[in-house]
Amino acid sequence: METSIPKTSTILKTLLRADLTTQWRNRRAVILTLIVPVIILVSWKVYIPKFGGPFVLSNSIAIGLIATGLMGYSNSIARDREKGIFQRLRVGPLPAWTIMGSRIMVQLGMIFLIATFVFIAGYEFDGVKLTAGGYALSYLTSIAGGLLYLGVGQAIVGGIRSPETVNATSRLIYFVFIMSGMFGEILLSEGVGGKILHDIIVWSPYGTVKTIVAVGMEPAKWNNEASMALLVTFGYTIVFAFMGIKWFKWTSK
Amino acid sequence: MKEENILTVDDLSVSYGKFNAVQNVSFSVRRGEIFGLLGPNGAGKTSTLSAVEGLLKPQGGTIIVDGNDAVAKPLHARASLGVQLQSTSFQTELYVIEVLQLYAGIYGVPMSKNDLLGILREINLEDQATKKFGQLSGGQQQRVSLVIATIHNPKLVLLDEPTTGLDPQSRRQLWERIEAIRDKGHAVLITTHSMEEAESVCDRIAIIDHGRVIAIDTPQAMIDKHRNDPEVIAVSRRGKITLEDVFIALTGKAIRG
């Protein structure tokens, strides 16, 4: 008689419940992830007359996405791998993809939460209000952007075994993205930097996400540049995710 | 009655790059048997176990778990296995009862909160249900790990050095629990460095060294077979031949990594 194995949907549901509980117990970190975008929203209120509400909101969302997708995801994976939690799960009758699939689903939930939080805070603090279509498209572009940063996070834990080095690397990339993306664009608007710097900033993983989220807030303004930014975002996602999955080892030894 | 093999390992080879960790290893574990895998550090015990668990892909040989090929049908093979890894760690944010719930779900065993509390009651840990795994003592952690390994009533239980770091009381208690698993008709494959444990608990043992099985028998038969070997007599202490003397004589005195 052949041994029966549990349904994948049952396993996924079980993993998801455990991962959501873990995320809930880490709510202090979640709150910090939500606070940073709000600080940007409040402190950048002065830029709204010059650059518009979507500029500030999209930067806030992009920063939140990096914090959860790149830093939160990569650090939790590196930590659990170091503790042998994945190895313990893998000796069970479950497909390996369900372990990561469940975690990615939790991160997608976080992305949704960040976008919602920024929309509410944007309305409350900065008076930025979007159309229903704008909100809907912004959620979709936020998820597309979030997937890109999850891909970057996966590439980091794929290439680096030590949790401490993963932490340091993700912080460094976070810092680089903030500096090049947020402040780079402001500098460019002040006439600092040339075309090369402009292209680097606009087509960087930060720039493309910021573009699609910003234009997504005003669907009527969707143009070729936004479509191209969306394609580039997908391209980055595929490349980083491919590298991250190819290099990934379940054990840190 | 014909003895039924729950695990059959045949001609197994495992390599890490150019290093052959396991070479042409063959053994079987029968229903209702505690089988010990003994060997010095780096002998290939954990690599053998990891191949059975599906954590690494062997370069050669076959592993059949309850009729399922562990390489061709890994999920079916793993469904028949209960595993306690050498350094077990569960999600640090989850309570003990939630960890039990997680693994019951993974193995497709529906359990209510009362069922889970009942399991914890059986191992005298009901009052620890809402503590985190890391807050338990070493002995308590081992009890929880063992109960998780057997939560789905597996036909074969793999225990990788389960008593390492335990005090004598906890060790004895764990032995009794392992014997109780055997007495329910399950097969148990255990790796250990403790010759006392092997003699006390195992029905049969295999000694593995440099990736090869060098002896398989019952502990007593192995002692009897080698009792008069000059190498065994030379390493024996206080005139009594023990399994440890046979082990040292077969694997050498040199300290391994």
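This is a predicted model: local features need pLDDT of at least 70, side-chain atom pairs count only at pLDDT 80 or more; totals for chains, interfaces and linings use all residues.
Residues are numbered from 1 along each chain as its sequence is written, and chains are lettered from A and ligands numbered from 1 in the order in which they are written.

A few terms come up again and again:

- Helices (H or I, at least four residues) and strands (E, at least two) are DSSP runs, numbered from the N terminus.
- Two strands pair if DSSP finds at least two bridges between them.
- A residue is buried if 20 or more other C-beta atoms lie within 10 Å of its own, exposed if 12 or fewer, and partly exposed in between, with C-beta atoms placed from the backbone.
- Two residues are in contact if their C-beta atoms, placed from the backbone, lie within 7 Å.

**The open sheet of chain B**

- Four strands of chain B line up as S2-S1-S4-S5 in an open sheet with antiparallel pairing.
- S2 and S5 (68-69) of chain B stand at the edges with a single partner strand each, so one side of each has no neighbour in the sheet.
- S1 (residues 5-16) and S2 (residues 19-30) of chain B run antiparallel and are joined by eight bridges, with B:Val14 opposite B:Val22.

- S7(B) is mostly covered, as five of its five residues are buried.
- B:Leu156, B:Leu158 and B:Asp160 point one way from S7(B), while B:Val157 and B:Leu159 point the other way.
- In a regular strand, side chains alternate between the two faces of the sheet.
- S6(B) runs parallel to S7(B) and is joined to it by four bridges, and B:Gly82 stands opposite B:Val157.
- S8 (residues 187-192) of chain B also runs parallel to S7(B), with five bridges between them, and B:Val157 has B:Val188 as its bridge partner in S8(B).

**Helices of chain B**

- H5 (residues 138-149) of chain B has twelve residues and reaches 16 Å from its first C-alpha to its last, close to the 16 Å expected at 1.5 Å a residue (the expected span is 1.5 Å times one less than the number of residues).
- Nine of the twelve residues of H5(B) are buried, among them B:Gln141, B:Arg143 and B:Leu146.
- The cover over the buried residues of H5(B) includes S6 (81-84), H3 (96-106), H4 (113-122), S7 (156-160) and H6 of chain B.
- In H8 (residues 219-226) of chain B, B:Pro219, B:Met222, B:Ile223 and B:His226 are buried.
- These residues cover an arc of only 100° around the axis, which puts them on the same side of H8(B) (the arc is that of the directions from the helix axis to the C-beta atoms).

**Helices of chain A**

- The 24 residues of H11 (residues 224-247) of chain A should span 34 Å at 1.5 Å a residue, and the end C-alpha atoms are 34 Å apart, which agrees.
- Buried residues of H11(A) include A:Ala226, A:Leu230, A:Tyr236 and A:Phe240.
- The buried residues of H11(A) pack against H7 (132-159), H9 (195-203) and H10 (205-216) of chain A.
- A:Leu150 lies in H7 of chain A and is buried, with 27 other C-beta atoms within 10 Å.
- A:Leu150 and A:Leu108 are 42 residues apart in sequence but 9.4 Å apart in space, C-alpha to C-alpha.

**Where domains and chains meet**

- Chain B is assigned domain 1 (1-80 + 155-218) and domain 2 (89-153), with bounds from an automatic or database domain assignment.
- Nine residues of domain 1 of chain B are in contact with six residues of domain 2 of chain B.
- H6 (residues 168-183) of chain B gives the largest share of the domain 1 side, four residues.
- Between the chains, 23 residues of chain A are in contact with 26 residues of chain B.
- H1(A) gives the most to the chain A side, with seven residues.
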